[in-house]
Amino acid sequence: MNHQPVIGIICCAKDIEGQPGQAVHNKYIDSITAQGGLPILLPSALNDTQDCQHVFGLLDGVLLTGSYSNVAPHRYGATHHEPKTDLSRDNLSFALLEHCMTHGKPLFGVCRGMQEINVFFGGTLYPDFRTNPAFTASHSESDRIGQGHPYDDIHSIDINPDGHLADFGQSSFRVNSLHNQAVRDLAPPLRIEAIADDGLIEAISHREHPFILGVQWHPEYRSIHNPLSVFLFRKLIQHARQAYE
């Protein structure tokens, strides 16, 4: 029997009927299982155990999900007030990035996950990209309330012909967008994989690691039917298989 690659999916702090909890949307879990991966949920309690590296060692790959929360400002040298933080998630994400970098394991980051990749390797973020008048595409869900489904495709991206996304076989594609934070200064070891029409960085990858990739949009929506989404999650699983072969 072929081994199913084990993909650790990070959890986020969430209030569940008045009680503190850890949660992951089913969309992320389904995206992994649809491509043959075995999803394992990773709660922030792993930060507090000496055996977290043992758990990390069981993983063949990692998925850093999108989140309601944002990366804490002090992580990238900012001083503004950020009301939507999840410090335990920051700690666990950075530990997972360190593990994947050290052991050559694949890691895929979505939205907040992409921003964590950039910050971990030394980049900075716009706390709210709308403060930069150069960005004109409708990236923010809050700007589109009442204009249709928030996960509808809203703008185009141009794909770098020298990156992982080039294997998709198209030079551009339309994607959805639900974020306020965005990459400002790209971390030195990273490259741009895709960019929006207005210049906002939409996808990044590590130049030397086999597969550390982040995208700003949400491929977990329609991940079984959208061809770019299928490509992205399939790539993660393919690299995870290679990690243990």
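User: Where does T65 sit?

Analyst: Happy to start there, and please keep in mind that this is a predicted model. T65 has a relative accessible area of 3%, so T65 counts as buried. As for its place in the fold, T65 belongs to the loop between strand 5 (61-64) and helix 3.

User: Which residues is T65 in contact with, leaving aside its neighbours within four places in sequence?

Analyst: With those neighbours set aside, what remains are contacts from other parts of the chain. The residues in contact with T65 are I9, I10, C12, Y28, R89, V110, R112 and G113.

User: Which residues of helix 3 are buried, and which residue just after it takes a positive phi?

Analyst: The buried residues of helix 3 are R89, D90, L92, S93, F94, L96, L97, H99 and C100. Just after the helix there is a positive phi of about 70°, and the residue that takes it is G104.

User: What is the phi of G122, which follows helix 4?

Analyst: G122 comes after helix 4 and its phi is positive. The value is near 110°.

User: How much space lies in the largest pocket, and which residues are closest to its centre?

Analyst: The largest pocket holds about 880 Å³ of space. It is lined by 34 residues. The closest to its centre are G66, S67, Y68, S69 and L178.

User: Which element gives the most to the lining of that largest pocket?

Analyst: Elements that each supply at least two lining residues are strand 2 (12-16), helix 1 (26-34) and helix 4 (112-120). By class, the lining has eleven nonpolar, 14 polar and nine charged residues. With three residues, the element that gives the most is strand 2.

User: How many cavities of 30 Å³ or more turn up, and what is the volume of the largest cavity?

Analyst: A search of the whole structure finds one cavity of 30 Å³ or more. The largest cavity has 13 lining residues, and the closest to its centre are D153, N176, W217, N226 and S229. Its lining divides into six nonpolar, four polar and three charged residues. The volume of the largest cavity is about 80 Å³.

User: Which element supplies the largest share of the lining of the largest cavity?

Analyst: Two elements give two or more residues to this lining: helix 5 (227-244) and strand 9 (172-175). The largest share is three residues, and they come from strand 9.

User: W217 is one of the residues closest to the centre of that cavity. Is W217 buried or exposed?

Analyst: W217 is found in the loop between strand 13 (212-215) and helix 5. Not counting residues up to four places away in sequence, W217 touches V110, C111, I157, L165, V175, N176, E202, A203, L228 and L232. Its relative accessibility is 3%, so W217 counts as buried.

User: What separation do the C-alpha atoms of W217 and Y151 have?

Analyst: Along the chain, W217 and Y151 are 66 residues apart. In the model, their C-alpha atoms are separated by 9.2 Å.

User: Now the cysteines. How many disulfides does the count come to?

Analyst: A pair of cysteine sulfur atoms has to be within 2.5 Å to count. For C11, the nearest cysteine sulfur is that of C12, 7.5 Å away. The sulfur of C52 is 13 Å from the closest one, in C100, which is too far for a bond. The disulfide count comes to zero.

User: E17 has a positive phi although it is not a glycine. Is E17 buried or exposed?

Analyst: E17 lies in the loop between strand 2 and strand 3 (19-23), with a phi of about 55°. Its relative accessible area is 81%, so E17 is exposed.

Technical notes
Residues numbered from 1 in each chain as written. Predicted model: local features only at pLDDT ≥ 70, side-chain atom pairs only at ≥ 80, totals over all residues. Heavy atoms only, no water. 1 Å grid on protein atoms, 1.4 Å probe; cavity = no way out; pocket = protein on both sides within 12 Å on 5 of 7 lines; lining within 4 Å. Points joined across faces, edges and corners; volume = space filled by probe spheres on them. Helix = DSSP H or I, 4+ residues; strand = E, 2+ residues; numbered from the N terminus. Nonpolar A, V, L, I, M, F, W, Y, C, P; charged D, E, K, R; others polar. Buried < 20%, exposed > 50% of the residue type's maximum accessible area, 1.4 Å probe, protein only. Contact = heavy atoms within 4.5 Å.
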